[in-house]
Amino acid sequence: ICQNEYDLIELLEDKHRTRKWLSSCVPVWPYIVSLGKELDYDTLCRKFPQYTEFVVQEAYSCGGSGTYFVASSKDYGKNILGEIAYSFSPYIKNSVSPNIHIIIYNDEVLLLPPSVQLFSSGEERFHYHGADYVMFTQLPESTIQKVYQYARLIGERLRFSGYRGVCGIDFLCENTEVYFMEINARFQSSSFLINRAFRDASIACSVQELHRDAFLHRTCSYHPLGISVEYSFWGYSYDPRLH
């Protein structure tokens with residue numbers, strides 16, 4: 001049923017292991033992995049000089065859940081549990097986080113247009129709200145090329161490992177530098193906007209059909225797929241008690 005091997009999915013769902021696995025082929029933003037009880041805020045400041053704000057992430061997290069913003073000893077004590085392993089990274093202000101869909105076939109890695117992920121930060125956590133495909137096209141050309149280059153390298157590593165079908169790759173951009181962050185072995189929240197672009201370009205295709213196609217054919221049977229995704233979306237929670 002167009003399904004990958006469990007062991008491979010389990011690896012990709014573990015953000016700590018995936019980052020280590022891919023650090024030999026693409027740049028990865030500096031991080032350390034440790035049990036919460038083995039570090040504290042002051043130790044983080046010593047390990048990452050020049051930084052006083054940090055992103056702390058559990059191995060299994062999604063949409064901002066399990067990802068924490070730490071800027072003080074109080075934040076650390078409130079959110080970080082002693083017996084859980086976290087990755088600890090410096091927080092980059094004014095960074096952007098591109099996401100790209102790729103479809104992996106036996107003999108091909110297909111790259112679809114990337115977007116910039118839209119987040120908000122509460123007092124303690126980051127919250128995923130949506131994606132903007134137009135914003136990605138306005139990034140520096142060198143950044144755009146690096147996203148495509150690193151996505152293809154990661155896709156080839158996944159292809160040789162036996163992964164097939166759709167997945168999403170998240171990056172982090174600081175100025176013109178691009179760093180790998182994580183792989184989402186699934187459809188993305190923004191997949192529906194790519195499907196809309198296919199429809200508007202009169203291409204009888206969807207991300208779901210490409211995923212199925214990857215399990216049935218050695219290369220993509222829907223070429224050419226030159227599309228421009230000129231959309232964005234922002235999701236929010238509505239609470240009638242606040243109105």
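**Second pocket**

I started with the lining of the second largest pocket: Ile9, Leu12, Glu13, Lys15, Tyr60, Ser61, Cys62, Ile183, Asn184, Ala185 and Arg186. I worked on a predicted model, where local features need pLDDT of at least 70, side-chain atom pairs count only at pLDDT 80 or more, and totals for chains, interfaces and linings use all residues. Residues are numbered from 1 along each chain as its sequence is written, and side-chain values use heavy atoms, with hydrogens and water left out.

I noted the pocket rule. On a 1 Å grid over the protein atoms alone, a pocket is an open set of points where a 1.4 Å probe fits, with protein on both sides within 12 Å along at least five of seven lines; lining residues have an atom within 4 Å of a point. Volume is the space filled by probe spheres set on the points, which are joined across faces, edges and corners. For the second largest pocket I read about 160 Å³.

I then looked up which elements supply this lining. H1, E2 and E10 each give at least two residues. Elements are DSSP runs numbered from the N terminus: helices (H or I) have at least four residues, strands (E) at least two.

**Largest pocket**

I went on to the largest pocket, with a volume of about 900 Å³. I found 40 lining residues, of which Ser97, Gln117, Phe119, Phe126 and Leu172 lie nearest the centre. Two or more lining residues come from each of helix H2 (15–22), strand E2 (54–62), strand E4 (85–90), strand E7 (115–121), strand E8 (126–132), E9 and E10. Which element gives the largest share? E7 does, with 7 residues. By class I read 16 nonpolar, 19 polar and 5 charged residues in the lining of the largest pocket.

**Cores**

Next I checked the largest nonpolar core. A nonpolar core is a set of buried Ala, Val, Leu, Ile, Met, Phe, Trp, Tyr and Cys residues joined through side-chain atoms within 4.5 Å. Buried means under 20% relative accessible area, exposed over 50%, partly exposed in between (1.4 Å probe, protein chains only). This core has 29 residues, and Ile102, Ile154, Leu158, Ile169, Phe171, Phe180 and Ile183 touch the most other members. Two or more of its residues come from each of helix H1 (6–13), strand E5 (98–104), strand E6 (109–111), helix H6 (141–160), strand E9 (165–174) and strand E10 (177–184). H6 gives the most, 6 residues.

I followed Leu158. Leaving out residues up to four places away in sequence, Leu158 touches Leu12, Trp21, Ile102, Ile104, Tyr163, Cys167 and Ile183. Contact means heavy atoms within 4.5 Å. Another core lies apart from the largest one; it has 22 residues, including Leu112, Leu193, Ile194 and Phe198.

**Aromatic pairs**

I set the ring rule before counting. Rings of Phe, Tyr and Trp (its six-membered ring) pair if their centres lie within 6.5 Å; planes under 30 degrees apart count as stacked, over 60 as edge-to-face and the rest as tilted. I counted 10 aromatic pairs. Phe69 and Tyr91 pair edge-to-face, at 5.1 Å centre to centre and 75° between the planes. Phe69 sits in strand E3 (residues 65–70) and Tyr91 in the loop between E4 and E5, 22 residues apart. Phe69 is buried because its relative accessibility is 15%, whereas Tyr91 is partly exposed at 25%.

I looked at a further pair. Phe136 and Tyr148 are also edge-to-face, at 6.3 Å centre to centre and 85° between the planes. Phe136 is in helix H5 (residues 133–137) and Tyr148 in helix H6, 12 residues apart. Phe136 is buried at 3% relative accessibility, and Tyr148 is partly exposed at 27%. I also noted that ring pairs link Trp29, Tyr51 and Tyr179 into a cluster.

**Loops**

I ended with three loop residues. Ser206 lies between helix H7 (191–200) and helix H8 (207–216). Buried or exposed, I asked of Ser206? Ser206 counts as buried, because its relative accessibility is 13%. Not counting residues up to four places away in sequence, Ser206 touches Asn195 and Phe198.

Ser202 is also in the loop between H7 and H8. Ser202 is not a glycine, yet its phi is positive, about 60°. Ser202 is exposed at 70% relative accessibility. Asn175, in the loop between E9 and E10, has a positive phi near 55°. Asn175 is exposed, with a relative accessible area of 67%.

Methods: Nonpolar A, V, L, I, M, F, W, Y, C, P; charged D, E, K, R; others polar.
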